[in-house]
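The briefing below is meant to be read alongside the sequence and the coordinates.

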Amino acid sequence: MQCGAQDVEAPRAVSATEDRRVNHLVDAFIVFACVVGSALLGSFLRTVLPQHHLTDESTGVVKLATGLVATMAALVLGLLISSAKTSFDTMSNELLHSATEIVRLDRVLARYGPETHDIRLALKRTTAASVAVMSSGDPSQLAKLSGPEAITRVEDFQREVEALSPHNDEQRQLRARALQMVDDVLATRWLALLQQTGSIPVPLLVILVSWLAILFGTFGLFAPRNGTTMTALVMCALSTSGAIFLIMEMNTPLDGVVKVSFAPMRAALAILGQ
């Protein structure tokens, strides 16, 4: 039960999701502009610097220095991609685990007996509302999942399960299993809500972009100015800014272009109540 209110209003148009996506695109464009601008600046400096600044000895020293910067930038970029992918996969696995536990909970309640009919209906309504809210990607809607009303409804559902009165050993075991599953689902719910948005430290991103600008400035400084080299630099800058865009997208796994699939939750919803 990726839990929520029983009567959650239909999510509005996902303007907040679009705003966040636009922000990511703007950030990626800023990175692209900084990197390409640095390359163009380096190309311009090539034409105004005295010739003795462009000797083989000077070029060798600069290449050694930028090699170190390139190594550090590659390591940081790789770590950011790995961290973002891990966060994205964790959220996806949590949704899959939650969907499985919800189906198991529904089947345990079904085995308990007809007295759990209302509880199973509440479980299906809660799951349907929660899936609708979480798949909307609207931060204002997602905030409701951790609001006082949602918490109260979750606790009321848990108390309904606790209030079951077993009449035999089998029902006592099923009630105990159901309570354990409710605890597991709620724990997964809170973990998913706490991890719904990631963040990249701004200083780290600024430093990374600075390193990339230094690298591309050096490329422009020592590369001959022609269409082939300029095209190659632009394509490399586009690839780099695209990587940073993907990192920011995977750090917000509930919305944007790259987001987790809610297919397992919808499949579980279709099974509930059968």
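In this predicted model, the order of elements along the sequence reads α-α-α-α-α-α-α-α-α, and the secondary structure accordingly amounts to nine helices and zero strands. Of the 274 residues in the chain, 42% count as buried. Among contacts with a separation of 6 or more, 84% are accounted for by residues 24 or more positions apart.

**The nonpolar core**

- The largest nonpolar core contains 60 residues, and the members that touch the most other members are L105, F157, V161, L208 and I244.
- At least two residues of this core are supplied by each of α1 (15-48), α2 (56-112), α3, α5, α6 (169-194), α7 (202-222), α8 and α9, with the largest share, 16 residues, coming from α2.
- Once residues up to four places away in sequence are set aside, L208 touches A73, V76, L77, L80 and I244; of these, I244 is itself listed with L208 among the core residues that touch the most other members.

**The pairing of α3 with α5**

- Helix α3 (residues 117-136) and helix α5 (residues 148-162) have axes that come within 10 Å and cross at roughly 155°.
- Since angles over 145 degrees count as roughly antiparallel, α3 and α5 are therefore roughly antiparallel to each other, and the crossing in which α3 passes α5 is left-handed.
- On the α3 side the residues that meet the partner helix are I119, A122 and L123, while on the α5 side they are F157, E160 and V161; by class, this contact of α3 with α5 has five nonpolar, no polar and one charged residues.

**The pairing of α2 with α9**

- The axes of α2 and α9 come within 8 Å, and they cross at roughly 10°.
- Because angles under 35 degrees count as roughly parallel, α2 and α9 are therefore roughly parallel to each other.
- From α2 the contact draws on L95, L96, S98, A99, I102, V103 and D106, and from α9 on P264, M265, A268 and I271; these residues divide into nine nonpolar, one polar and one charged.

- F262 lies in the loop between α8 (227-250) and α9 (263-271), and F262 is buried, with a relative accessible area of 6%, where the cut-off for buried is under 20%.
- Apart from its neighbours within four places in sequence, F262 is in contact with L95, M134, S135 and L254; L95 is also one of the α2 residues that make the contact with α9.
- The C-alpha atoms of F262 and A99 are separated by 9.4 Å, although these two residues are 163 residues apart along the chain, and A99 likewise belongs to the contact of α2 with α9.

**A33, in α1**

- Which helix holds A33? The place of A33 is in α1, and there A33 is partly exposed, with a relative accessible area of 38%, a value in between the limits of 20% for buried and 50% for exposed.
- A33 and L238 are 205 residues apart in sequence, yet the distance between them in space is 9.4 Å, C-alpha to C-alpha.

Technical notes: Residues numbered from 1 in each chain as written. Predicted model: local features only at pLDDT ≥ 70, side-chain atom pairs only at ≥ 80, totals over all residues. Heavy atoms only, no water. Axes fitted to C-alpha atoms, helices over the stretch in contact; angles between N-to-C directions. Helix = DSSP H or I, 4+ residues; strand = E, 2+ residues; numbered from the N terminus. Parallel < 35°, antiparallel > 145°, perpendicular 65-115°, else oblique. Left-handed = near helix turned anticlockwise from the far one by under 90°. Contact = heavy atoms within 4.5 Å. Nonpolar A, V, L, I, M, F, W, Y, C, P; charged D, E, K, R; others polar. Buried < 20%, exposed > 50% of the residue type's maximum accessible area, 1.4 Å probe, protein only. Core = buried A, V, L, I, M, F, W, Y, C linked by side-chain atoms within 4.5 Å.
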